[in-house]
Amino acid sequence: MSVLVVGMSHKSAPVSLLERVALDTPGVHKLIDEVAACEHVTEATVIATCNRLEIYAEVDRFHGSVEEVSRLLVERAGESTESMLPHLYVHYDDGAVSHLFQVVAGLDSMALGEGQILGQAREALSSGQETGTVGPALNVLFQQALRVGKRARAETDIDRAAPSLVTAALDRSHAAVGDLSGMRVLVLGAGAMAGLATATAARRGAASVTVANRTAGNADRLAAEYGARSAALADLDAELAVADVVVSCTGATGVVVSRQAVERAVAGGRELVLLDLALPHDVDPTVEDVPGVTLVNLAELAEELRDSDAGREVEQVRRIVAQEVAAFLGARRQASVTPTVVALRSMATSVVDAEMERLQTRLPDLDEASRAEVLHAVRRVADKLLHQPTVRVKELANEDGAVSYADALARLFALDQDAVDAVVRPEGLG
(Lines give C-alpha, C1' and ligand atoms only; values in the text may rest on other atoms or scores of the structure.)
Protein backbone atom coordinates (compact mmCIF):
# COMPACT_ATOMS: atom_id res chain seq x y z
CA MET A 1 0.00 0.00 0.00
CA SER A 2 1.21 3.52 -0.84
CA VAL A 3 0.05 7.12 -0.52
CA LEU A 4 -1.17 8.94 -3.63
CA VAL A 5 -1.65 12.71 -3.96
CA VAL A 6 -3.59 14.23 -6.85
CA GLY A 7 -4.19 17.96 -6.73
CA MET A 8 -3.97 21.45 -8.13
CA SER A 9 -2.85 24.69 -6.56
CA HIS A 10 -1.96 28.31 -7.29
CA LYS A 11 1.30 26.99 -8.72
CA SER A 12 -0.34 24.74 -11.29
CA ALA A 13 -3.68 26.32 -12.12
CA PRO A 14 -5.13 29.80 -12.74
CA VAL A 15 -7.40 31.31 -10.09
CA SER A 16 -10.38 30.97 -12.46
CA LEU A 17 -9.93 27.19 -12.49
CA LEU A 18 -9.37 26.98 -8.74
CA GLU A 19 -12.62 28.89 -8.28
CA ARG A 20 -14.54 26.25 -10.22
CA VAL A 21 -13.30 23.41 -8.02
CA ALA A 22 -13.57 25.28 -4.70
CA LEU A 23 -15.50 23.32 -2.05
CA ASP A 24 -17.42 24.17 1.10
CA THR A 25 -17.41 21.79 4.08
CA PRO A 26 -20.23 19.55 2.81
CA GLY A 27 -18.51 19.49 -0.59
CA VAL A 28 -15.25 18.35 1.01
CA HIS A 29 -17.00 15.51 2.83
CA LYS A 30 -18.76 14.48 -0.39
CA LEU A 31 -15.47 14.41 -2.30
CA ILE A 32 -13.79 12.36 0.45
CA ASP A 33 -16.61 9.81 0.26
CA GLU A 34 -16.29 9.64 -3.53
CA VAL A 35 -12.54 9.07 -3.31
CA ALA A 36 -12.96 6.41 -0.64
CA ALA A 37 -15.45 4.61 -2.91
CA CYS A 38 -12.83 4.22 -5.66
CA GLU A 39 -11.85 0.61 -6.31
CA HIS A 40 -8.16 0.82 -5.37
CA VAL A 41 -8.48 3.28 -2.44
CA THR A 42 -8.47 2.14 1.19
CA GLU A 43 -8.10 5.52 2.96
CA ALA A 44 -8.83 9.09 1.85
CA THR A 45 -9.00 12.74 2.84
CA VAL A 46 -8.85 16.15 1.17
CA ILE A 47 -7.00 19.42 1.82
CA ALA A 48 -9.18 22.24 0.47
CA THR A 49 -8.03 25.86 0.80
CA CYS A 50 -8.52 29.07 -1.14
CA ASN A 51 -5.56 28.22 -3.38
CA ARG A 52 -5.28 24.42 -3.40
CA LEU A 53 -7.37 21.28 -3.66
CA GLU A 54 -5.49 18.07 -2.94
CA ILE A 55 -6.73 14.51 -2.57
CA TYR A 56 -4.70 12.19 -0.32
CA ALA A 57 -5.37 8.47 -0.63
CA GLU A 58 -3.86 5.21 0.52
CA VAL A 59 -4.01 2.96 -2.54
CA ASP A 60 -3.12 -0.61 -3.50
CA ARG A 61 -1.92 0.27 -7.00
CA PHE A 62 -0.83 3.41 -8.82
CA HIS A 63 -2.27 3.35 -12.34
CA GLY A 64 -5.85 2.40 -11.58
CA SER A 65 -6.12 4.72 -8.59
CA VAL A 66 -4.59 7.80 -10.23
CA GLU A 67 -7.04 7.56 -13.11
CA GLU A 68 -10.05 7.25 -10.80
CA VAL A 69 -9.00 10.05 -8.47
CA SER A 70 -7.99 12.43 -11.27
CA ARG A 71 -11.36 11.91 -12.92
CA LEU A 72 -13.11 13.26 -9.81
CA LEU A 73 -11.23 16.57 -10.10
CA VAL A 74 -11.81 16.77 -13.85
CA GLU A 75 -15.56 16.33 -13.33
CA ARG A 76 -15.63 19.10 -10.73
CA ALA A 77 -13.89 21.53 -13.05
CA GLY A 78 -16.29 20.82 -15.91
CA GLU A 79 -13.32 20.62 -18.28
CA SER A 80 -12.05 18.00 -20.67
CA THR A 81 -9.40 15.62 -19.42
CA GLU A 82 -6.93 16.98 -21.97
CA SER A 83 -7.35 20.58 -20.83
CA MET A 84 -7.14 19.67 -17.14
CA LEU A 85 -4.08 17.44 -17.17
CA PRO A 86 -1.53 20.32 -17.41
CA HIS A 87 -2.98 21.79 -14.20
CA LEU A 88 -2.95 18.58 -12.14
CA TYR A 89 0.05 17.22 -10.27
CA VAL A 90 0.58 13.72 -8.91
CA HIS A 91 2.86 12.54 -6.09
CA TYR A 92 3.21 8.91 -5.11
CA ASP A 93 4.67 7.02 -2.18
CA ASP A 94 7.90 8.77 -1.00
CA GLY A 95 7.10 11.80 -3.17
CA ALA A 96 3.66 12.11 -1.54
CA VAL A 97 5.23 12.19 1.93
CA SER A 98 7.72 14.87 0.86
CA HIS A 99 4.98 16.98 -0.74
CA LEU A 100 2.70 16.94 2.31
CA PHE A 101 5.56 17.87 4.66
CA GLN A 102 6.48 20.80 2.39
CA VAL A 103 2.86 21.94 2.20
CA VAL A 104 2.31 21.89 5.97
CA ALA A 105 5.68 23.60 6.60
CA GLY A 106 4.49 26.49 4.41
CA LEU A 107 7.00 25.96 1.59
CA ASP A 108 4.29 25.45 -1.03
CA SER A 109 2.02 28.31 0.02
CA MET A 110 1.24 31.40 -1.98
CA ALA A 111 2.70 33.36 0.92
CA LEU A 112 5.77 31.38 1.98
CA GLY A 113 5.55 30.21 5.56
CA GLU A 114 1.95 31.25 6.18
CA GLY A 115 0.59 29.49 9.25
CA GLN A 116 -3.01 28.88 8.18
CA ILE A 117 -2.07 25.70 6.35
CA LEU A 118 -1.40 24.00 9.70
CA GLY A 119 -5.04 24.43 10.67
CA GLN A 120 -6.19 23.42 7.19
CA ALA A 121 -4.16 20.19 7.31
CA ARG A 122 -5.53 19.50 10.79
CA GLU A 123 -9.02 20.06 9.42
CA ALA A 124 -8.33 17.60 6.58
CA LEU A 125 -7.30 14.97 9.12
CA SER A 126 -10.41 15.64 11.23
CA SER A 127 -12.69 15.50 8.18
CA GLY A 128 -11.27 12.12 7.20
CA GLN A 129 -11.63 10.85 10.75
CA GLU A 130 -15.24 12.08 10.92
CA THR A 131 -16.16 10.33 7.68
CA GLY A 132 -14.29 7.19 8.74
CA THR A 133 -12.02 7.27 5.69
CA VAL A 134 -8.73 7.97 7.48
CA GLY A 135 -7.04 4.84 8.78
CA PRO A 136 -3.61 4.03 10.23
CA ALA A 137 -1.57 5.09 7.19
CA LEU A 138 -2.99 8.59 6.64
CA ASN A 139 -3.40 9.20 10.36
CA VAL A 140 0.31 8.59 11.01
CA LEU A 141 1.30 10.60 7.92
CA PHE A 142 -0.81 13.66 8.78
CA GLN A 143 0.09 13.59 12.47
CA GLN A 144 3.77 13.62 11.56
CA ALA A 145 3.22 16.36 8.96
CA LEU A 146 1.59 18.54 11.63
CA ARG A 147 4.59 17.98 13.91
CA VAL A 148 6.93 18.96 11.06
CA GLY A 149 4.93 22.14 10.45
CA LYS A 150 5.10 23.07 14.14
CA ARG A 151 8.83 22.34 14.26
CA ALA A 152 9.49 24.51 11.21
CA ARG A 153 7.78 27.46 12.85
CA ALA A 154 9.29 26.84 16.28
CA GLU A 155 12.89 26.66 15.03
CA THR A 156 12.80 29.35 12.34
CA ASP A 157 11.22 32.72 11.62
CA ILE A 158 9.47 31.40 8.51
CA ASP A 159 6.19 32.97 9.69
CA ARG A 160 7.77 36.42 9.33
CA ALA A 161 9.99 35.65 6.35
CA ALA A 162 7.28 36.33 3.80
CA PRO A 163 4.06 38.32 4.09
CA SER A 164 0.77 36.55 4.53
CA LEU A 165 -1.94 37.08 1.96
CA VAL A 166 -3.62 39.62 4.21
CA THR A 167 -0.42 41.54 4.89
CA ALA A 168 0.48 41.58 1.22
CA ALA A 169 -3.02 42.76 0.32
CA LEU A 170 -2.99 45.55 2.92
CA ASP A 171 0.41 46.63 1.65
CA ARG A 172 -1.24 47.08 -1.75
CA SER A 173 -3.98 49.21 -0.16
CA HIS A 174 -1.26 51.45 1.28
CA ALA A 175 -0.11 52.24 -2.23
CA ALA A 176 -3.65 53.30 -3.17
CA VAL A 177 -4.97 55.22 -0.14
CA GLY A 178 -1.98 55.57 2.16
CA ASP A 179 -1.34 54.33 5.68
CA LEU A 180 -4.18 52.46 7.38
CA SER A 181 -3.89 54.79 10.33
CA GLY A 182 -7.09 56.81 10.29
CA MET A 183 -8.73 54.59 7.67
CA ARG A 184 -12.04 52.77 8.06
CA VAL A 185 -11.68 49.07 7.28
CA LEU A 186 -14.57 46.75 6.48
CA VAL A 187 -13.96 42.97 6.73
CA LEU A 188 -16.49 40.68 5.03
CA GLY A 189 -16.53 37.16 6.48
CA ALA A 190 -15.81 35.61 9.87
CA GLY A 191 -13.45 32.73 9.14
CA ALA A 192 -9.71 32.34 9.71
CA MET A 193 -8.75 34.74 6.91
CA ALA A 194 -11.24 37.33 8.17
CA GLY A 195 -9.82 36.99 11.68
CA LEU A 196 -6.32 37.59 10.36
CA ALA A 197 -7.53 40.62 8.38
CA THR A 198 -9.30 42.08 11.43
CA ALA A 199 -6.28 41.56 13.68
CA THR A 200 -3.83 43.01 11.14
CA ALA A 201 -5.96 46.08 10.40
CA ALA A 202 -6.37 46.78 14.11
CA ARG A 203 -2.64 46.31 14.71
CA ARG A 204 -1.84 48.75 11.90
CA GLY A 205 -3.88 51.47 13.57
CA ALA A 206 -7.04 51.60 11.51
CA ALA A 207 -9.46 54.24 12.80
CA SER A 208 -12.22 51.66 12.84
CA VAL A 209 -12.67 48.01 11.85
CA THR A 210 -16.10 46.59 11.07
CA VAL A 211 -16.83 42.88 10.61
CA ALA A 212 -19.85 41.95 8.49
CA ASN A 213 -21.08 38.40 8.06
CA ARG A 214 -24.29 36.58 7.13
CA THR A 215 -24.29 34.87 10.53
CA ALA A 216 -24.53 37.71 13.05
CA GLY A 217 -23.20 35.60 15.93
CA ASN A 218 -19.94 34.86 14.11
CA ALA A 219 -19.46 38.53 13.25
CA ASP A 220 -20.13 39.53 16.88
CA ARG A 221 -17.62 36.97 18.15
CA LEU A 222 -14.84 38.05 15.80
CA ALA A 223 -15.49 41.75 16.36
CA ALA A 224 -15.43 41.35 20.14
CA GLU A 225 -12.15 39.45 19.98
CA TYR A 226 -10.33 42.36 18.33
CA GLY A 227 -12.23 45.36 19.63
CA ALA A 228 -14.04 45.94 16.34
CA ARG A 229 -17.71 46.52 15.64
CA SER A 230 -20.02 44.07 13.89
CA ALA A 231 -22.61 44.61 11.19
CA ALA A 232 -25.08 42.56 9.18
CA LEU A 233 -24.16 41.67 5.63
CA ALA A 234 -27.64 42.90 4.70
CA ASP A 235 -26.40 46.42 5.51
CA LEU A 236 -23.52 46.14 3.03
CA ASP A 237 -24.48 49.26 1.03
CA ALA A 238 -24.36 51.45 4.13
CA GLU A 239 -21.05 49.96 5.25
CA LEU A 240 -19.44 50.36 1.81
CA ALA A 241 -20.48 54.00 1.76
CA VAL A 242 -18.23 54.80 4.74
CA ALA A 243 -15.39 52.32 4.26
CA ASP A 244 -11.97 53.20 2.85
CA VAL A 245 -10.64 49.63 2.58
CA VAL A 246 -12.69 46.44 2.19
CA VAL A 247 -11.20 42.99 2.78
CA SER A 248 -13.58 40.32 1.47
CA CYS A 249 -13.13 36.63 2.32
CA THR A 250 -16.59 35.18 2.88
CA GLY A 251 -16.29 31.79 1.18
CA ALA A 252 -19.65 32.40 -0.52
CA THR A 253 -20.38 30.73 -3.85
CA GLY A 254 -21.59 33.89 -5.63
CA VAL A 255 -20.69 37.57 -5.91
CA VAL A 256 -21.08 39.38 -2.57
CA VAL A 257 -19.95 42.87 -3.62
CA SER A 258 -21.67 43.87 -6.85
CA ARG A 259 -20.58 46.54 -9.31
CA GLN A 260 -23.76 48.51 -8.61
CA ALA A 261 -23.08 48.55 -4.87
CA VAL A 262 -19.52 49.78 -5.46
CA GLU A 263 -20.68 52.49 -7.89
CA ARG A 264 -23.14 53.76 -5.28
CA ALA A 265 -20.42 53.74 -2.60
CA VAL A 266 -18.04 55.97 -4.61
CA ALA A 267 -20.66 58.13 -6.30
CA GLY A 268 -19.47 61.23 -4.46
CA GLY A 269 -15.92 60.95 -5.79
CA ARG A 270 -14.55 58.86 -2.93
CA GLU A 271 -11.71 56.37 -3.25
CA LEU A 272 -12.25 52.76 -2.26
CA VAL A 273 -9.83 49.82 -2.07
CA LEU A 274 -11.31 46.32 -2.45
CA LEU A 275 -9.09 43.40 -1.42
CA ASP A 276 -10.76 40.22 -2.67
CA LEU A 277 -9.16 37.26 -0.89
CA ALA A 278 -12.03 34.85 -1.49
CA LEU A 279 -12.20 31.79 -3.70
CA PRO A 280 -14.55 31.87 -5.55
CA HIS A 281 -14.21 35.65 -5.76
CA ASP A 282 -16.53 37.85 -3.66
CA VAL A 283 -16.18 41.04 -5.69
CA ASP A 284 -17.47 41.60 -9.20
CA PRO A 285 -14.21 41.74 -11.25
CA THR A 286 -15.58 44.56 -13.43
CA VAL A 287 -15.40 47.05 -10.53
CA GLU A 288 -11.76 47.66 -11.43
CA ASP A 289 -13.10 49.89 -14.21
CA VAL A 290 -15.02 52.10 -11.78
CA PRO A 291 -13.25 55.48 -11.22
CA GLY A 292 -11.76 55.77 -7.75
CA VAL A 293 -11.79 52.02 -7.13
CA THR A 294 -8.70 49.85 -6.65
CA LEU A 295 -9.30 46.10 -6.83
CA VAL A 296 -6.69 43.60 -5.65
CA ASN A 297 -7.47 39.91 -6.13
CA LEU A 298 -5.82 36.56 -5.49
CA ALA A 299 -4.40 36.31 -9.00
CA GLU A 300 -2.41 39.54 -8.57
CA LEU A 301 -1.19 38.56 -5.12
CA ALA A 302 -0.11 35.18 -6.46
CA GLU A 303 2.14 36.89 -9.00
CA GLU A 304 3.69 39.12 -6.33
CA LEU A 305 4.27 36.42 -3.75
CA ARG A 306 5.49 33.78 -6.17
CA ASP A 307 8.70 35.72 -6.71
CA SER A 308 9.29 36.67 -3.05
CA ASP A 309 12.49 35.33 -1.50
CA ALA A 310 12.54 34.49 2.17
CA GLY A 311 16.20 33.54 1.92
CA ARG A 312 17.86 31.97 4.90
CA GLU A 313 14.68 31.08 6.77
CA VAL A 314 13.23 29.23 3.81
CA GLU A 315 16.45 27.28 3.33
CA GLN A 316 16.46 26.33 6.99
CA VAL A 317 12.88 25.08 6.74
CA ARG A 318 13.81 23.08 3.64
CA ARG A 319 16.59 21.39 5.60
CA ILE A 320 14.17 20.56 8.42
CA VAL A 321 11.69 19.09 5.96
CA ALA A 322 14.41 17.02 4.27
CA GLN A 323 15.50 15.62 7.65
CA GLU A 324 11.94 14.80 8.64
CA VAL A 325 11.14 13.15 5.31
CA ALA A 326 14.25 10.95 5.57
CA ALA A 327 13.42 9.98 9.16
CA PHE A 328 9.78 9.21 8.35
CA LEU A 329 10.62 7.12 5.29
CA GLY A 330 13.34 5.26 7.19
CA ALA A 331 10.97 4.43 10.02
CA ARG A 332 8.32 3.36 7.52
CA ARG A 333 10.73 1.05 5.71
CA GLN A 334 11.86 -0.52 8.98
CA ALA A 335 8.24 -0.97 10.00
CA SER A 336 7.55 -2.73 6.71
CA VAL A 337 10.28 -5.27 7.53
CA THR A 338 9.13 -5.90 11.10
CA PRO A 339 6.25 -8.31 10.27
CA THR A 340 8.62 -10.48 8.24
CA VAL A 341 11.22 -10.50 11.02
CA VAL A 342 8.55 -11.37 13.61
CA ALA A 343 7.21 -14.14 11.36
CA LEU A 344 10.74 -15.51 10.88
CA ARG A 345 11.41 -15.61 14.61
CA SER A 346 8.00 -17.19 15.15
CA MET A 347 8.87 -19.88 12.60
CA ALA A 348 12.20 -20.50 14.37
CA THR A 349 10.38 -20.87 17.69
CA SER A 350 8.01 -23.40 16.10
CA VAL A 351 10.95 -25.39 14.72
CA VAL A 352 12.65 -25.42 18.14
CA ASP A 353 9.44 -26.54 19.85
CA ALA A 354 8.89 -29.29 17.29
CA GLU A 355 12.45 -30.59 17.71
CA MET A 356 12.13 -30.55 21.48
CA GLU A 357 8.95 -32.63 21.25
CA ARG A 358 10.80 -35.04 18.95
CA LEU A 359 13.64 -35.22 21.47
CA GLN A 360 11.16 -35.92 24.26
CA THR A 361 9.76 -38.84 22.24
CA ARG A 362 13.19 -40.29 21.52
CA LEU A 363 14.60 -39.69 25.02
CA PRO A 364 11.62 -40.01 27.37
CA ASP A 365 13.89 -40.54 30.37
CA LEU A 366 15.70 -37.22 29.92
CA ASP A 367 15.54 -35.35 33.22
CA GLU A 368 14.11 -31.83 33.43
CA ALA A 369 17.47 -30.17 34.09
CA SER A 370 19.05 -31.76 31.02
CA ARG A 371 16.01 -30.99 28.93
CA ALA A 372 16.11 -27.33 29.99
CA GLU A 373 19.80 -27.16 29.12
CA VAL A 374 19.20 -28.64 25.65
CA LEU A 375 16.30 -26.23 25.07
CA HIS A 376 18.47 -23.28 26.10
CA ALA A 377 21.27 -24.40 23.75
CA VAL A 378 18.96 -24.92 20.79
CA ARG A 379 17.32 -21.51 21.29
CA ARG A 380 20.74 -19.85 21.48
CA VAL A 381 21.76 -21.48 18.20
CA ALA A 382 18.52 -20.33 16.52
CA ASP A 383 18.93 -16.77 17.87
CA LYS A 384 22.53 -16.55 16.71
CA LEU A 385 21.67 -17.84 13.25
CA LEU A 386 18.85 -15.30 12.89
CA HIS A 387 20.52 -12.34 14.54
CA GLN A 388 22.70 -11.15 11.66
CA PRO A 389 20.05 -11.58 8.91
CA THR A 390 17.40 -9.69 10.90
CA VAL A 391 19.75 -6.86 11.89
CA ARG A 392 21.04 -6.56 8.34
CA VAL A 393 17.61 -6.59 6.73
CA LYS A 394 16.56 -3.65 8.93
CA GLU A 395 19.67 -1.74 7.89
CA LEU A 396 19.11 -2.50 4.21
CA ALA A 397 15.48 -1.40 4.48
CA ASN A 398 16.73 2.19 4.98
CA GLU A 399 18.59 2.17 1.68
CA ASP A 400 16.96 3.44 -1.49
CA GLY A 401 16.44 0.96 -4.28
CA ALA A 402 13.97 -1.37 -5.88
CA VAL A 403 14.89 -4.44 -3.82
CA SER A 404 12.35 -5.51 -1.19
CA TYR A 405 14.53 -7.11 1.44
CA ALA A 406 11.49 -8.20 3.43
CA ASP A 407 10.23 -10.15 0.40
CA ALA A 408 13.69 -11.61 -0.14
CA LEU A 409 13.85 -12.76 3.48
CA ALA A 410 10.40 -14.29 3.24
CA ARG A 411 11.37 -16.17 0.08
CA LEU A 412 14.72 -17.39 1.46
CA PHE A 413 13.08 -18.87 4.55
CA ALA A 414 9.86 -19.94 2.76
CA LEU A 415 7.71 -17.95 5.18
CA ASP A 416 3.95 -18.33 4.92
CA GLN A 417 2.54 -14.97 3.74
CA ASP A 418 -0.49 -15.44 5.99
CA ALA A 419 1.87 -15.60 8.96
CA VAL A 420 3.51 -12.34 7.89
CA ASP A 421 0.15 -10.62 7.33
CA ALA A 422 -1.12 -11.79 10.69
CA VAL A 423 1.51 -9.69 12.46
CA VAL A 424 -0.06 -6.44 11.21
CA ARG A 425 -3.68 -7.58 10.82
CA PRO A 426 -6.02 -5.57 13.10
CA GLU A 427 -7.41 -7.64 15.95
CA GLY A 428 -10.71 -9.24 15.13
CA LEU A 429 -10.24 -9.21 11.37
CA GLY A 430 -9.74 -12.40 9.44
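Visitor: Over how many bridges do strand β1 and strand β3 pair?
Guide: In this predicted model, strand β1 covers residues 2–9 and strand β3 covers residues 52–59. Ser9 stands opposite Arg52 in β3. The two strands pair in the antiparallel sense, and the number of bridges is 8.

Visitor: Which strands stand at the edges of the open sheet of 4 strands?
Guide: The order in this sheet is β2-β3-β1-β4, with antiparallel pairing. The twist from one strand to the next averages 15 degrees. Two strands have a single partner strand each, so one side of each is left without a neighbour in the sheet. These edge strands are β2 (41–49) and β4 (89–92).

Visitor: At what angle to β4 does helix α5 run?
Guide: Helix α5 is formed by residues 94–104. It lies across β1, β2, β3 and β4. Its angle to β4 is about 115 degrees.

Visitor: Is the pairing in the open sheet of 6 strands parallel or antiparallel?
Guide: The strand order is β7-β6-β5-β8-β9-β10. At the edges stand β7 (229–232) and β10 (293–297), each with a single partner strand, so one side of each lacks a neighbour in the sheet. The average twist from one strand to the next is 20 degrees. The pairing is parallel.

Visitor: Which strands does helix α9 touch?
Guide: Helix α9 spans residues 165–177 and packs on the sheet of 6 strands. Its direction makes about 165 degrees with that of β9. The strands touched are β8 (245–248), β9 (272–276) and β10.

Visitor: Which residues do salt bridges that share partners join into one network?
Guide: The structure holds 18 salt bridges. In one of them, Glu54 pairs with Arg52, the closest N and O atoms being 2.8 Å apart. Both Glu54 and Arg52 are buried. The network that includes them consists of Lys11, Arg52, Glu54 and Asp108.

Visitor: How many residues apart in sequence are the parts tied together by Glu300 and Arg172?
Guide: The side chains of Glu300 and Arg172 meet in a salt bridge at 2.9 Å, N to O. Glu300 lies in helix α14 (residues 298–306) and Arg172 in helix α9, so the pair ties together separate parts of the chain. Glu300 is partly exposed at 26% relative accessible area, and Arg172 is partly exposed at 24%. The separation in sequence is 128 residues.

Visitor: Which helices hold Asp237 and Arg264?
Guide: Asp237 forms a salt bridge with Arg264, with the closest N and O atoms 2.8 Å apart. The pair links distant parts of the chain, 27 residues apart. Asp237 is in helix α12 (residues 236–242), and Arg264 is in helix α13 (residues 259–265).

Visitor: Is Asn213 buried or exposed?
Guide: Asn213 is found in strand β6. A polar atom of its side chain lies 3.2 Å from the backbone oxygen of Thr215. Leaving out residues up to four places away in sequence, Asn213 touches Gly189, Ala190, Asn218, Ala219, Ala231, Ala232 and Leu233. Its relative accessibility is 12%, and because the cut-off is under 20%, Asn213 counts as buried.

Visitor: Which residues touch the most other members of the largest nonpolar core?
Guide: This core has 62 residues. Another core, of 33 residues, lies apart from it and has Val5, Ile47, Leu118 and Val321 among its members. Beyond four places in sequence, the contacts of Val35 are Val41, Ala44, Ile55, Ala57, Val69 and Leu72. In the largest core, the residues that touch the most other members are Val35 and Val245.

Visitor: What distance separates the C-alpha atoms of Ile320 and Gly149?
Guide: Ile320 is placed in helix α15 (residues 312–362) and is buried, with a relative accessible area of 4%. Beyond four places in sequence, Ile320 is in contact with Arg151, Ala152, Glu155 and Thr156. Ile320 and Gly149 are 171 residues apart along the chain, and their C-alpha atoms are separated by 9.6 Å.

Key. Residues numbered from 1 in each chain as written. Predicted model: local features only at pLDDT ≥ 70, side-chain atom pairs only at ≥ 80, totals over all residues. Heavy atoms only, no water. Pairing = 2+ DSSP bridges. Axes fitted to C-alpha atoms, helices over the stretch in contact; angles between N-to-C directions. Contact = heavy atoms within 4.5 Å. Salt bridge = Lys/Arg side-chain N within 4 Å of Asp/Glu carboxyl O. Buried < 20%, exposed > 50% of the residue type's maximum accessible area, 1.4 Å probe, protein only. Polar contact = N/O pair within 3.5 Å; in protein donor to acceptor, adjacent residues only side chain to side chain. Core = buried A, V, L, I, M, F, W, Y, C linked by side-chain atoms within 4.5 Å.
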